[in-house]
Amino acid sequence: MKNKNLTYYFLILLAVSFFSCKKEGEYHSITDKIEAESKPYHGKLTSDELLAGSELMEITEGKHTFLILERKGQIKSFACIECHSKPVTQMKSLDGQKAHWDIKMNHANSEIINCATCHNGKDMNNLNSLTGKNIDFNLSYKLCAQCHSSQFEDWKGGAHGKKVAGWAPPRASMTCVNCHNPHSPGYETRWPVQFNTQKGIERKEGLDH
Amino acid sequence: MSENKKWHSLDLGLNKKKEASGACGCGKSQGSCNSQEEELSADEFYEAAINASIGDERQRDGFEQVFDVKMDRRTAFKKLTASLLIGAGAVSTSCSVVAGDDTKEKAQIDWEEQFKGNYKLMNDEEKQGTINRLMRSYELRTGKNISMTAENAEEDVLFGYAFNISKCQGYMDCVSACVEENNQDRNSQMQYIRIHEMKDGEGFKFDKADDNYYHEVPAEGHFYLGTQCFHCDNPPCVEVCPVQATWKEEDGLVVIDYDWCIGCRYCMAACPYDGRRFNWSKPEVPANEINKNQHYLGNRMRKKGVMEKCTFCVQRSRKGKNPACVDACPTGARIFGNLLDPNSTIRWVLENKKVFRLKEDLGTEPKFWYFMD
Amino acid sequence: MSQFKVLKSLVIDSLDTITKGSIKYHIWMGGLTLVMLIGMYCYFIQLDEGLSVTGMSDSVSWGLYISNFTFLVGVAAAAVMLVMPTYILKDIDFKQAVLIGEGLAVAALIMCLAFVVADMGGPSVLWHMIPGIGVFNFPNSMLTWDVIVLNVYLFINISIPFYILFRHYQGKEAMKKVYVPGAILSVFWAVAIHLVTAFLYQGLQARPFWNNALLGPRFLASAFAAGPALIILVLAVIRSFTAFRIEDRTIKKIALIVTVAAQINLIMLVSELFKEFYAPTHHSESAYYLFFGLHGKNALLPWIWTAIPLNVLATIMLTFGKLRNNLKVLYFCCFILFVAIWIEKGFGLIVPGFIPGPYGKIVEYLPTGIEIGVTLGIWALGAFVFTILAKTAIGIELGELRYKDKNSSAS
């Protein structure tokens with residue numbers, strides 16, 4: 001009698017273990033797996049090679065340390081003081097060719113923002129914080145972060161913006177001005193780059209839906 | 001090449017230049033082998049065999065799939081025995097002294113490719129062997145070189161993806177970048193990525209969403225959500241494949257061995273995310289548009305009658321790059337990275353944004369998260 | 001050795017039998033051959049151009065082929081309805097019909113395999129599925145289970161009748177202790193093949209239309225209605241064209257089986273419809289599409305609204321003993337029931353599983369001419385195989401085919 005019971009228990013155990021141990025080392029969910037196997041990556045894959053051609057600089061913001069693209073070298077007419085030898089007010093009164101004719105401000109509205117919000121008329125080589133402190137052109141993101149604090153948080157963490165190279169460390173992020181024109185930061189509407197004609201045929205749809 | 005292969009190999013006098021003509025080892029009786037040669041010279045026979053199976057592909061170049069089989073309708077019957085014929089052709093040409101070295105080599109490669117094993121079970125040497133053959137075969141047939149690699153999964157890497165619904169504007173740059181990167185069939189306009197245009201205020205109404213819009217975007221009162229293969233951690237497609245032609249790699253990528261797939265499309269029925277595509281006819285890519293940086297499991301040329309899907313651009317991601325869609329996205333809506341690295345940006349997104357996945361109740365555990373600003 | 005000689009003689013004799021016959025027989029076989037050739041031609045076109053010549057697409061990735069496969073697995077399984085009473089319950093009535101039933105199962109299985117091969121994208125690499133040489137994803141993939149159970153069932157259904165006929169051919173009685181265990185096994189196996197085939201669909205969480213617990217039982221019920229219905233029709237044909245005696249009682253008993261199975265099938269259908277339409281969720285979209293059309297797309301409506309009335313009509317008529325026992329009415333009922341279940345299991349089950357797609361997109365499916373050609377070709381193949389098997393079996397059972405021991409007559 002006892003023997004028989006034992007056999008049953010054994011069989012049940014076997015069945016249970018068969019179903020529960022379907023695969024070895026499997027986690028209950030992907031988050032468990034990520035938690036359990038989490039470990040800073042120092043493998044052989046790096047983005048060094050991809051980044052080799054870019055001028056980069058390292059910044060530390062809060063807990064995050066990463067590379068960003070150097071900016072000054074990318075601005076064609078830098079340094080600004082080569083032209084802006086006098087304060088802006090004086091230059092405006094001068095006759096002759098207007099510079100920066102292509103810049104159209106489309107960023108918030110004129111009650112909130114104007115040229116002087118960001119540019120220091122007395123020191124054109126630097127940007128100007130809201131409290132009148134100098135901000136280097138290379139660190140222009142600090143200027144944006146003054147108003148766009150939530151975007152800044154996301155950007156630091158990596159949820160906002162793009163990377164310069166691949167996923168592999170070191171991390172090199174594009175800064176605000178690499179994607180947004182600071183004078184007109186919004187994205188334009190445009191046509192999608194492609195249209196799939198086959199899909200429409202398959203679904204027997206007209207083009208005018 | 002390697003000594004202990006997992007498939008039937010036929011050493012046809014490429015390594016040993018001369019073989020006893022009697023031992024042609026085509027698997028058939030010697031009589032049938034010889035009787036073929038009575039009617040045709042070895043060269044002619046090889047031509048016939050290749051023509052039956054490959055047809056004019058040798059002359060056309062570029063998009064022609066390396067081992068795809070193309071033939072005239074009238075010679076359709078030969079098609080059924082194409083592999084046998086190639087084998088026989090390989091034997092007859094390599095046994096013969098007259099056949100050119102190129103012809104012999106092609107036949108040898110075709111034979112070995114036809115009867116190679118499942119990539120999943122190959123060791124590194126065998127993997128290298130097959131990609132070398134595929135590259136050489138492409139070179140022999142088109143006169144052009146491709147670079148194909150077979151990188152394995154890296155240790156301590158698990159790929160994951162996040163998609164920012166607030167950021168996507170529906171430009172579809174990702175879709176065309178994907179098509180160009182992955183050499184997808186241009187005729188059927190196969191696309192791995194779908195961008196669904198949804199109405200604000202209606203939630204995720206996929207059935208009412210339009211994934212084939214053509215108007216200026218972003219459209220007023222709409223938002224955009226992209227789908228593709230989610231590389232599930234518990235992928236139903238892998239479970240159902242009868243021949244293990246699709247599987248999950250160590251770094252989380254769900255991949256397909258195009259040469260092992262039998263085209264039953266069971267995986268397609270099993271995928272809840274519309275992540276898989278089938279080559280209903282021969283995939284074609286114009287010669288000048290072919291991406292020549294290929295991976296065996298990724299964007300190498302496919303043939304007709306096999307499955308394919310997004311691989312998170314394995315040819316790029318295993319070199320440390322981002323998938324093409326991530327790089328192409330002008331709005332930064334796409335984030336890719338290593339889930340196991342606590343310093344990666346994808347991990348920051350998972351830990352700090354309100355993320356969710358599609359159809360989580362199915363228990364498929366996708367490694368593709370959505371979030372909003 | 002002598003067994004081989006008998007076998008050789010059997011093969012020669014049966015070849016002799018199947019090549020001789022009335023004009024009608026020759027026309028029948030010639031017609032089937034023609035349809036098979038047309039089917040082959042269509043298949044070559046499909047091989048050449050790829051599956052793009054079919055109506056299938058990335059959205060509806062299984063169509064007419066897999067529908068027919070599913071249906072025919074049911075027909076094959078139904079042979080058990082005859083095996084069980086004959087061999088196990090010792091009901092003598094069925095003895096005549098059982099060989100026919102098993103022959104039908106063999107033909108159906110061959111058609112199943114042909115449909116699966118026709119549906120493959122790469123038939124030249126099918127060897128990847130052979131255990132040992134290829135890689136067999138057992139037990140994870142239900143398709144591998146299906147391959148195993150179908151082939152074993154084919155083996156059982158070939159070997160049992162073969163053994164019986166082989167003995168009868170020599171004028172000996174078949175030994176019960178040899179074939180009854182096989183017959184019992186085949187009873188369980190028949191249920192298994194159809195249940196496993198149902199699990200093929202039932203196990204897909206991606207397709208809510210299939211992913212319900214009733215699918216397997218409903219498969220069985222509809223199979224046990226459609227299969228014996230086909231057997232009745234075949235018996236009727238055999239009765240009128242050959243000297244093979246099949247009693248009315250046998251046919252009426254099979255009709256009873258058909259009736260009960262059709263009733264159960266109808267109850268399950270009602271249960272399914274109730275669930276889909278009383279409290280519809282987005283999982284009911286497929287059912288809505290099937291029965292009423294969705295967003296103006298309604299390609300399946302004519303099919304399903306043909307099938308349902310036929311099914312109901314046949315079941316009601318069969319339920320009344322008076323009607324059922326009238327053979328003319330019975331044949332008519334069996335025919336419409338067969339058609340109804342064929343539609344229900346094909347266009348009514350496989351296709352709507354894919355519509356709407358995973359993201360609610362509707363791509364409709366209609367088979368192309370080439371697909372229909374291949375399908376007809378495979379049905380002709382099945383009929384051809386069955387005719388050969390039945391003709392030989394009937395010949396042996398009638399005593400027209402008997403082994404003549406040349407050695408003994410010479411000496």
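This is a predicted model: local features need pLDDT of at least 70, side-chain atom pairs count only at pLDDT 80 or more; totals for chains, interfaces and linings use all residues.
Is the crossing of H9(C) and H13(C) left-handed or right-handed? Keep that one in mind, everyone, and I'll come back to it when we reach chain C.

Let's start with chain A. The chain has 209 residues, and 17% of them count as buried. Its secondary structure consists of 9 helices and 5 strands. If you walk along the sequence, the order is α-α-α-β-β-α-α-β-β-α-α-β-α-α. So much for the layout; now the contacts. Taking contacts in chain A with a separation of 6 or more, 52% are between residues 24 or more positions apart.

There is one record-based item for this chain. UniProt, in an unreviewed entry, annotates residues 144–172 of chain A as "domain: Cytochrome c-552/4".

Now, where does chain A touch chain B? The contact involves 40 residues of chain A and 45 residues of chain B. On the chain A side, helix H2 (30–37), helix H7 (149–157) and helix H9 (197–202) each give at least two residues. Sorted by class, that side of chain A has 15 nonpolar, 16 polar and 9 charged residues.

On to chain B. Here we have 373 residues, of which 58% count as buried. The secondary structure comes to 12 helices and 11 strands. For contacts in chain B between residues at least 6 apart in sequence, 67% link residues at least 24 apart.

Chain B also meets chain C, with 41 residues of chain B in contact with 36 residues of chain C. Several elements of chain B each provide at least two residues to that side, including helix H4 (82–95) and strand E7 (276–278). The largest share, 4 residues, is from H9(B). By class, the side of chain B that touches chain C holds 24 nonpolar, 8 polar and 9 charged residues.

That brings us to chain C, and to how its helices pack. Two packed helices are described by the angle between their axes and the distance between the axes. Let me take two pairs.

The first pair is the one I opened with. Helix H9 (residues 248–278) and helix H13 (residues 327–353) of chain C pack at an angle of about 40°, and their axes are 12 Å apart. H9(C) and H13(C) are therefore oblique to each other. And here is the reply to my opening question: the crossing of H9(C) and H13(C) is left-handed. If you want to find the place on your screen, look for Ile251(C), Ala255(C), Val258(C) and Ala262(C) in H9(C), which meet Leu327(C), Leu330(C), Cys334(C) and Leu337(C) in H13(C). By class, this contact has 8 nonpolar residues, with no polar and no charged ones.

The second pair is helix H5 (residues 95–119) and helix H8 (residues 215–241) of chain C, whose axes come within 10 Å and cross at roughly 120°. The crossing of H5(C) and H8(C) is right-handed. From H5(C), the residues taking part are Ala97(C), Ile100(C), Gly101(C) and Leu104(C), and they meet Leu230(C), Ile231(C), Val234(C), Leu235(C) and Ile238(C) in H8(C). By class, the contact of H5(C) with H8(C) comes to 8 nonpolar, 1 polar and no charged residues.

Conventions
Residues are numbered from 1 along each chain as its sequence is written. Chains are lettered from A and ligands numbered from 1 in the order in which they are written. A residue is buried if 20 or more other C-beta atoms lie within 10 Å of its own, exposed if 12 or fewer, and partly exposed in between; C-beta atoms are placed from the backbone. Two residues are in contact if their C-beta atoms, placed from the backbone, lie within 7 Å. Ala, Val, Leu, Ile, Met, Phe, Trp, Tyr, Cys and Pro count as nonpolar, Asp, Glu, Lys and Arg as charged, and the others, Gly among them, as polar. Axes are lines fitted to C-alpha atoms, for helices over the stretch in contact, and angles run from 0 to 180 degrees between N-to-C directions. Angles under 35 degrees count as roughly parallel, over 145 as roughly antiparallel, 65 to 115 as roughly perpendicular and the rest as oblique. A crossing is left-handed if the near helix is turned anticlockwise from the far one by less than a right angle, and right-handed if clockwise. UniProt positions are given in the numbering used here, feature names are shortened, and annotations may be inferred rather than shown by experiment.
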